[in-house]
Amino acid sequence: MNIIILGAGVVGTTQAYYLAKKGYKVTVFERHEGPALDTSYGNAGQISPGYASPWAAPGIPLKAIKWMLEEHAPLAIRPTADLNQYKFMWNMFLNCTSSKYTVNKSRLVRLSEYSRDCLVQLRKDTGIYYENRSLGTTQVLRTAKQMEGIKADIEILEKFNVPYEVLDQDGILKVEPGLKESVHKLAGGLRLPGDETGDCFLFTNRLAEIAMNMGVEFKYGQNIEDILVEHNKVTGIKANGVVHTADIFVDCLGTYTPFLLKKIGIKAPIYPLKGYSLTAPIIDESSAPTSTILDETYKIAITRFDNRIRIGGMAEISGYNLTLNPKRRKTLEFVTNDLYPGGGDLPKAEFWTGLRPKTPDSTPIIGGTDYTNFFINAGHGTLGWTQSCGSGAYLSDIIAGNKPEIDTEGLDISRYK
């Protein structure tokens, strides 16, 4: 049976790997000249199942108004002429209730914990290396109010049996000694020892090589122009003027998913959430992170690779604009210097931006559609790296007619009907 996958980011590439493991003949179409050159290229680097939280949360509407006046705000809204932007924002705000937050976070943690387990097994099976570390993630909290606010998240962690540690300043220094100059600014922390880190770009490229050795064909430089249907089945795609047929099709186009699905009458509520990152050489080991720090105030992650620091975060709702905003670089540098002064060579850092494919409830869309041979694996937002392996393994089971290893509730596009 032949399967075509659309998109070679981390989600599309892991999907190809898991389908190839089941014996399918897989072809991946990608518009760039290689894998992981869009959102997967410069993400924050952390694999953080326990910190998988919806952006739509109680209090966010009021915080969004407040952030509009702050220099280093984690969220910025840039109005466009696209009505989808305002529809997305409205639907996201509708998810900012306590009850919906609990449901959405439960879905995210369920998928993310499974995905981390899948990644551990993938490493055992392939020996893949991507500057990975398994040293946990520490959320640093600057205020007593933030310390109080983690109680709701802890309840969900306990529900899913996710190990955690609540840290005071001494506890923070034991796991992240590089914070020695700034720990006095922190009220405490929440550490998840089971979380991991790694370079998503390296992972995706090396997994693509492994997949090719398993028989997967990657077709690069392919602009997907159309999708062909007959009755309730997809019959082919048109790329670079050529029609390609297969038995099954899987959309892994991330942010660009709605454009393709619109052609066949599927409304996928995915909208770009623009993020930024810096990747800086380490110049002082003693002032660099050991693993990943998540700054709750500024919603920025600082992650350790082998000889580099990746600083990622920010969220702009500004359409499909990929312009690098120097104000965002200033914020990333400010938070890094505030926590790890002298750790990285920030003037030499690579400044990058990418578009995360966000749904209003922050849960990805994974599963079948009204077309019997067309599936979706997209909309992971800020959690594509965290959820990629689990998403690929989960959908592969569905395509193969097997029972998935986790509950399917709320994961496919039917929840929007």
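Reader: Why is Cys96 called buried?

Author: Cys96 has a relative accessible area of 11%. Buried means under 20%, exposed over 50%, and partly exposed in between, with a 1.4 Å probe and protein chains only, so Cys96 counts as buried. Please keep in mind that this is a predicted model, in which local features need pLDDT of at least 70 and side-chain atom pairs pLDDT 80 or more, while totals for chains, interfaces and linings use all residues. Numbering starts from 1 along each chain as its sequence is written, and side-chain values use heavy atoms, without hydrogens and water.

Reader: What makes Cys118 count as buried?

Author: The relative accessibility of Cys118 is 10%, so Cys118 counts as buried too.

Reader: How do you know that Cys118 is in no disulfide?

Author: A disulfide is a pair of cysteine sulfur atoms within 2.5 Å. For Cys118, the nearest cysteine sulfur belongs to Cys389 and is 6.8 Å away, so by that cut-off Cys118 is in no disulfide. The count for the structure is zero disulfides.

Reader: What makes a space a cavity, and which residues line the largest cavity?

Author: On a 1 Å grid over the protein atoms alone, a cavity is a set of points where a 1.4 Å probe fits but cannot get out; a pocket is an open set with protein on both sides within 12 Å along at least five of seven lines, and lining residues have an atom within 4 Å of a point. Grid points are joined across faces, edges and corners, and a volume is the space filled by probe spheres set on the points. The structure holds one cavity of 30 Å³ or more, and the largest cavity has a volume of about 50 Å³. Its lining is made of Trp55, Ile60, Trp67, Leu75, Met92, Leu273 and Ile317.

Reader: Which classes do the lining residues of the largest cavity divide into?

Author: Seven are nonpolar, with no polar and no charged residues. Ala, Val, Leu, Ile, Met, Phe, Trp, Tyr, Cys and Pro count as nonpolar, Asp, Glu, Lys and Arg as charged, and the others, Gly among them, as polar.

Reader: What volume does the second largest pocket have, and which residues are closest to its centre?

Author: The second largest pocket has a volume of about 540 Å³. Of its 17 lining residues, Asn84, Lys87, Pro258, Lys267 and Ala268 are the closest to the centre. By class, this lining has ten nonpolar, three polar and four charged residues.
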